[in-house]
Amino acid sequence: MNRHNRLAIFEPVCTHPNHQRRGWPRRSCSTLLALRRHGAQRVVVGTGDMIPANRLYESIGFTEAYREQEWRLDR
């Protein structure tokens, strides 16, 4: 967490397919709640259109803020 702007950016949780459906991502997301207890005013996570991840984050209290598109020029 950046103490100046009280913003915490949390990278998406990824789980190897052999270990899915065991609750590990949800438990690891307890870090998100700890960030709030330690003063974060905003906690941000980006998932794009990863529906299972979006459902997980929504179930622990996140709300969708916006959708974005990324454009790049590869050569």
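The lining of the second largest pocket consists of eight nonpolar, four polar and four charged residues. In this classification Ala, Val, Leu, Ile, Met, Phe, Trp, Tyr, Cys and Pro are nonpolar, Asp, Glu, Lys and Arg are charged, and the others, including Gly, are polar. The structure is a predicted model, in which local features need pLDDT of at least 70 and side-chain atom pairs count only at pLDDT 80 or more, while totals for chains, interfaces and linings use all residues. Residues are numbered from 1 along each chain as its sequence is written, and side-chain values use heavy atoms, without hydrogens and water.

**Pockets**

The second largest pocket has a volume of about 500 Å³. It is lined by 16 residues, and those closest to its centre are Arg 21, Pro 25, Pro 52, Ala 53 and Leu 56. A pocket here is an open set of points on a 1 Å grid over the protein atoms alone, where a 1.4 Å probe fits and protein lies on both sides within 12 Å along at least five of seven lines; lining residues have an atom within 4 Å of a point. Volume is the space filled by probe spheres set on the points, which are joined across faces, edges and corners. Both α1 (24-28) and α3 supply at least two residues of this lining, and α3 gives the most, with five.

The largest pocket holds about 800 Å³ of space. Among its 19 lining residues, Val 45, Gly 46, Glu 64, Ala 65 and Tyr 66 lie nearest the centre. By class, this lining has eight nonpolar, five polar and six charged residues. β2 and α3 each contribute at least two residues to the lining of the largest pocket.

**Overall architecture**

The protein has three helices and two strands, in the order β-α-α-β-α from the N terminus. These elements are DSSP runs, numbered from the N terminus: H or I of at least four residues for helices, E of at least two for strands. The C-alpha trace spans about 40 × 35 × 20 Å along its principal axes. Of the 75 residues, 20% are buried, where buried means under 20% relative accessible area, exposed over 50%, and partly exposed in between (1.4 Å probe, protein chains only). Among contacts (heavy atoms within 4.5 Å) with a separation of 6 or more, 66% join residues 24 or more positions apart.

**Nonpolar core and aromatic pair**

The largest nonpolar core has twelve residues: Ala 8, Phe 10, Cys 29, Leu 32, Leu 35, Ala 40, Val 43, Val 45, Ala 53, Leu 56, Tyr 57 and Phe 62. Two or more of these residues come from each of β1 (7-10), α2 (30-37), β2 (42-45) and α3 (51-59). The element that gives the most is α3, with three residues. Such a core is a set of buried Ala, Val, Leu, Ile, Met, Phe, Trp, Tyr and Cys residues joined through side-chain atoms within 4.5 Å. In soluble globular proteins, nonpolar side chains tend to be buried together.

Beyond residues up to four places away in sequence, Phe 10 touches Ser 28, Thr 31, Leu 32, Val 44, Val 45, Gly 46 and Tyr 57.

One aromatic pair is found in the whole structure. The ring centres of Tyr 57 and Phe 62 are 5.7 Å apart and the planes meet at 70°, so this pair is edge-to-face. Rings of Phe, Tyr and Trp (its six-membered ring) pair if their centres lie within 6.5 Å; planes under 30 degrees apart are stacked, over 60 edge-to-face, and the rest tilted. Tyr 57 and Phe 62 are both buried.

**Individual residues**

| Residue | Relative accessible area | Class |
|---|---|---|
| Thr 47 | 16% | buried |
| Arg 6 | 37% | partly exposed |
| Gln 69 | 63% | exposed |
| Arg 21 | 84% | exposed |

Thr 47 sits in the loop between β2 and α3. Its contacts, leaving aside neighbours within four places in sequence, are Ala 53, Asn 54 and Tyr 57.

Gln 69 belongs to the segment after α3.

Most residues other than glycine have a negative phi. Arg 6, in the segment before β1, has a positive phi of about 55° although it is not a glycine. Arg 21 is in the loop between β1 and α1, and its phi is also positive, near 70°.
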